[in-house]
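Thanks for coming. I will go through one structure, starting with the ligand and then turning to the fold.

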Amino acid sequence: MRSICVYHSETGNTHAVMEEIIRSIASESLRVRDMAGYGKATMYLLGAPRALFGNSAEIEPSSIDLRGYDLVIIGSPVWASRPTPAVNAIFSALKNASGKKTVLVCTSGGSPGDTLKIMSDRAQSLGMEVLGRYHIPHSIKGRRDDEELNALKGFLWDIARS
Ligand SMILES: Cc1cc2nc3c(=O)[nH]c(=O)nc-3n(C[C@H](O)[C@H](O)[C@H](O)COP(=O)(O)O)c2cc1C
């Protein structure tokens, strides 16, 4: 099964989770960049309101072709209880998404809010089949054995073997 992790990570937590997945199931990876170039303050002053209103960012790359992949893992940080503007843009950038299996992942400081529901609605509106939704409620950096991450890796491992 050929898989790819497509994700945004502004401060590295989602990236750390995706790196674990990439190692675990030998997935390919695409980390999208938000061209807004946020700093520590502007993430909250500009980024959070944009997320709250469901805005889309300008991202690099601006087009993501899923042809040839069986499974797409889409990852987002939680901003203002929602996906980041870059992740909103990811859904618009996907090509050949219809019929693809997807697992949705968010990382947060504690609560996913509406993030996974919004991501799920977007994926389904593209004709994707949502197999699972996972929330990692903390940074995994420095944790050797993380319960939520292990559950996610086990779930993906089963899919990858099927
Ligand atoms: C602008 C901003 C808004 C955030 N809003 C929330 C939130 O509503 N709920 C929450 O639990 N964590 C929130 N967080 C914490 C992040 O979701 C968490 O640190 C996440 O793992 C960051 O992912 P990243 O390091 O991949 O960018 C917010 C962080 C930022 C920078």
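Where does the ligand sit? The ligand sits in the largest pocket. A pocket here is an open set of points on a 1 Å grid over the protein atoms alone, where a 1.4 Å probe fits, with protein on both sides within 12 Å along at least five of seven lines. To sit in a pocket, a molecule needs more than half of its atoms within 2 Å of the pocket's grid points.

Before going on, this is a predicted model: local features need pLDDT of at least 70, side-chain atom pairs count only at pLDDT 80 or more, and totals for chains, interfaces and linings use all residues. Residues are numbered from 1 along each chain as its sequence is written, and side-chain values use heavy atoms, with hydrogens and water left out.

Now the shell. There are 19 residues around the ligand, and S9, T11, T14, V78 and T107 come nearest; a residue counts as near if one of its heavy atoms lies within 4 Å. By type, the shell has 7 nonpolar, 11 polar and 1 charged, with Gly counted as polar, Asp, Glu, Lys and Arg as charged, and Ala, Val, Leu, Ile, Met, Phe, Trp, Tyr, Cys and Pro as nonpolar. At least two shell residues come from each of α1 (13–25), α2 (40–52) and β5 (71–79). Helices (H or I, at least four residues) and strands (E, at least two) are DSSP runs, numbered from the N terminus.

A polar backbone atom of A80 lies 3.1 Å from a ligand nitrogen. The protein covers 85% of the 650 Å² of accessible area that the ligand has on its own, by the Shrake-Rupley method with a 1.4 Å probe.

On the fold: the protein has 5 helices and 9 strands, in the order β-α-β-α-β-β-β-β-α-β-β-α-β-α from the N terminus. The C-alpha trace spans about 45 × 35 × 25 Å along its principal axes.

Two backbone details remain. E60 and P61 are joined by a cis peptide bond, with omega about -5°, and P61 is in the loop between β3 (59–60) and β4 (64–65). A26, in the loop between α1 and β2 (28–34), has a positive phi, near 55°, and is not a glycine.

How values were computed
Polar contact = N/O pair within 3.5 Å; in protein donor to acceptor, adjacent residues only side chain to side chain. 1 Å grid on protein atoms, 1.4 Å probe; cavity = no way out; pocket = protein on both sides within 12 Å on 5 of 7 lines; lining within 4 Å.
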